[in-house]
Structure formats: structure tokens, C-alpha cells
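Please read the account below with the model open beside it, so that each element can be located as it is named.

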Amino acid sequence: MTDEDDGLERGRHEDVAADHSAADAEDVADRWDAAGVPTPEALAETAEAAVRAAGDYLAERFRDGGTVGEYHTDDVKAEADEAAEGLIFEEIREDFPGHTLHGEESGRSGDGRVEWIVDPLDGTNNYAIDYPSIATAVAAQVDGETLVAAIHEPLVDDCYVAVRGEGATVNGEPLSVTPRDRPLDRSTVSLVVGLPAVRDDELRAEADAVRRALSGRCKRVLETWSPCVDWGLLARGSLAGVVCAYPDPFEQEAGELLASEAGAVSVSGEGYYAGAVDEATLAALVETLPEQVRESVSG
Ligand SMILES: O=P(O)(O)OC[C@H]1O[C@](O)(COP(=O)(O)O)[C@@H](O)[C@@H]1O
Ligand SMILES: [Mg+2]
């Protein structure tokens with residue numbers, strides 16, 4: 001799909017994107033390691049270009065009121081999600097044609113060592129109701145390990161990039177959570193409930209119990225239904241913690257790397273993840289969880 005076909009306008013990142021696509025293929029292709037895998041820096045450059053392309057497209061549609069008709073019926077519900085995923089795939093294919101692509105909309109294709117996990121529109125329901133809390137996310141995995149993540153929140157134009165072992169940035173500025181000495185009753189945490197727990201009665205009841213437990217202890221429990229927005233807030237240290245119940249991998253892979261590279265600490269197990277800005281907050285958060293969940297993340 002061309003820019004003309006889908007009315008794509010890249011807004012203020014036009015120059016960055018143009019620079020990127022003009023960057024010699026050679027320039028990118030030069031940056032491979034001895035095993036024939038692109039360097040994390042090369043992956044990160046592509047990841048950022050990809051989420052910006054999709055995010056800018058979604059923001060343009062959002063501001064034009066283009067979400068209303070599209071999301072009116074189930075049949076057309078996925079139009080913007082699919083278009084955004086197409087833009088991400090285009091960016092990745094341009095730089096790395098042999099890589100495996102694994103998108104929330106179109107599934108998995110390819111069998112390369114490098115796999116891109118793509119959430120083209122995180123917060124689809126928010127988008128559908130014109131609620132401005134959305135993001136676009138990609139995670140690049142090499143042999144199953146996430147090495148690079150990028151998340152773009154297009155409506156506030158914040159772009160997060162994380163590289164394993166090298167830290168995280170927002171709009172190019174380094175991110176580092178600072179430990180806080182603040183009890184949960186003065187802290188805001190977020191709860192992420194993934195599709196399996198939304199759709200299954202038993203798992204939903206479990207997630208409801210987690211919500212009640214957190215609400216009883218924390219100042220506020222935020223539910224954005226756009227988990228990548230929460231990941232950004234955790235990485236900034238704005239949220240004290242994030243608890244995920246059966247999260248979707250398409251957003252989780254990118255989010256976990258972003259949080260850990262910003263210095264957040266976490267535990268996980270059997271469908272649950274809990275992350276926080278420091279060990280004391282994490283311990284308090286885990287202590288709050290219902291027994292069964294606490295055991296699974298402590299296990
Ligand atoms: O209530 P719905 O529409 O089934 O959506 C629930 C899903 O929405 C999310 O919050 C965001 O998912 P999307 O990336 O599909 O927009 C998921 O974490 C959650 O599983
Ligand atoms: Mg998502």
C-alpha cells in the first residue's frame with residue numbers, strides 16, 4: 001500500500017522517516033554481527049521507524065474522525081489495525097526481508113532467526129470510541145529472546161525504544177526509574193487484563209479478584225486497556241507498578257523489555273506478571289495479590 005492509497009501523512013516525523021528510508025540499504029546491511037544477525041542498533045532503528053509509521057497513520061485517522069465509521073460493525077473493525085500492521089511490515093521488510101513477521105492481525109509468516117512481534121494498535125477499543133489512549137508496539141526477538149522493543153504513543157507523540165542490556169529512551173532521552181519510598185496507599189498502579197482473561201469466566205473471576213485486592217491497597221488502580229501506555233508510564237516511573245493477568249504477547253514482549261531496561265524490577269509466572277519501580281514496591285504489590293496468584297509469581 002502506498003502513502004497515496006491510504007492517505008498516509010507522517011506529520012512531524014516526515015523528515016526522520018524520509019532520512020531512514022533514504023539511508024542506504026547498504027548502510028543498514030553493513031550492521032550485522034558475525035552470526036549474520038543484525039546488530040541491536042540496526043534492529044532498534046527499524047523498530048522505531050516502524051512504530052512511528054504506523055502510529056502517525058493512526059493519529060491522522062484519529063484526528064480526522066476516521067475511526068467512527070470503520071469501527072461501526074465487526075466486519076470493518078480491523079481496518080485501521082490492518083493498515084497499521086501493513087505499514088509496520090513494510091518498514092521491516094524493506095530493511096530485513098528475511099525476518100519472520102508475527103502480527104496480531106495477520107499471524108506469523110517466515111522462519112528466520114529474527115522474529116518481529118507486532119501490535120499495530122494497542123487499545124483498539126479505545127480507538128473505536130475515540131478515547132485517546134493508544135499505542136503501536138514492536139519487539140524484535142532473536143532465537144526467541146527479545147532484544148529490542150519500540151512503542152509509539154502517537155497522540156502524545158512519545159516514542160520509547162529499549163535495547164537489551166543498553167537501556168531505554170523516550171524521544172531519545174534516557175529513561176531510568178527512580179526508587180521511591182512510598183507506600184501503596186499513596187501510589188497508582190495499573191492492571192492489565194489480557195484477552196484470555198477477558199473471554200474465560202474462570203480467568204476473568206481471577207482477574208476480578210486481583211483488581212479487588214489491588215483496589216483495597218493502592219491509592220488508585222488504573223485500567224487503560226492500552227497496556228503499552230501503562231508500560232511507558234512504568235518506564236518513566238510515573239506508575240509505581242503494573243500487574244498483568246494473562247497478557248497478550250503482542251504488547252507484553254515489548255513492554256517487559258522497556259520496563260526492565262528502564263530499571264523496573266519484576267516477577268512472573270503462570271499467566272501473571274508484576275513489575276514495579278523498586279524492590280520494596282514490588283514486594284508490597286506481590287503481598288497484596290490473592291494467594292494463588294501470589295504463589296504463582298513467587299514460585
Ligand atoms: O475488551 P476487548 O475488546 O476484548 O479487548 C481486551 C484487550 O484489549 C487490550 O487491553 C488491548 O488489546 P489490543 O492490542 O487488541 O487493542 C488487551 O490487553 C486486552 O486483552
Ligand atoms: Mg495490545
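Does Leu 285 count as buried or exposed, and how many C-beta neighbours does Leu 285 have inside 10 Å? In this predicted model, Leu 285 counts as buried because it has 27 C-beta neighbours inside 10 Å, where 20 or more are needed for that label. The residue is found in helix H12, which spans residues 279–288. If residues up to four places away in sequence are set aside, Leu 285 touches Leu 184, Val 189, Gly 241, Val 243, Ala 274 and Ala 276. Asp 143, by contrast, is 142 residues away along the chain, and its C-alpha atom is separated from that of Leu 285 by 32 Å.

Among contacts between residues at least 6 apart in sequence, 65% join residues that are at least 24 apart. The domain assignment divides the protein into domain 1, residues 3–175, and domain 2, residues 184–298. To the contact between them, domain 1 gives 28 residues and domain 2 gives 19 residues. On the side of domain 1 that touches domain 2, the elements giving two or more residues are E3, H7, E4, E5, E6 and strand E7 (167–170), and the largest share, five residues, comes from E5. By class, this side of domain 1 is made up of 16 nonpolar, six polar and six charged residues.

Several of these strands belong to an open sheet of eight strands, whose order is E2-E1-E3-E4-E5-E6-E7-E8 and whose pairing is mixed. Strand E2 (107–109) and strand E8 (173–175) stand at the edges with a single partner strand each, so one side of each is left without a neighbour in the sheet. On average, and with direction ignored, neighbouring strands of this sheet are turned by 20 degrees against each other. In general, strands of a sheet pair through backbone hydrogen bonds, in either a parallel or an antiparallel manner. Strand E4 (residues 135–142) and strand E5 (residues 145–153) run antiparallel and are joined by seven bridges, and here Ala 139 stands opposite Ala 149 in E5.

Helices pack against this sheet as well. Helix H4, residues 40–63, lies across E3, E4, E5 and strand E6 (158–163), and runs at about 30 degrees to E5. Helix H6, residues 79–95, also packs on the sheet, where it touches strand E1 (100–103), E3 and E4, and its direction makes about 150 degrees with that of E3.

The last stop is ligand 1, around which there are 14 residues, with Asp 122, Thr 124, Gly 194, Leu 195 and Trp 225 coming nearest. The elements that give two or more residues to this shell are strand E3 (114–122), helix H7 (124–128) and helix H8 (195–199), and the largest share, three residues, comes from E3. The shell draws at least three residues from each of domain 1 and domain 2. Sorted by class, the residues around ligand 1 comprise six nonpolar, four polar and four charged ones.

Definitions and conventions: Residues numbered from 1 in each chain as written. Chains lettered and ligands numbered in written order. Predicted model: local features only at pLDDT ≥ 70, side-chain atom pairs only at ≥ 80, totals over all residues. Near = placed C-beta within 6 Å. Helix = DSSP H or I, 4+ residues; strand = E, 2+ residues; numbered from the N terminus. Nonpolar A, V, L, I, M, F, W, Y, C, P; charged D, E, K, R; others polar. Domains from an automatic or database assignment. Pairing = 2+ DSSP bridges. Axes fitted to C-alpha atoms, helices over the stretch in contact; angles between N-to-C directions. Contact = placed C-beta atoms within 7 Å. Buried ≥ 20, exposed ≤ 12 C-beta atoms within 10 Å, placed from the backbone.
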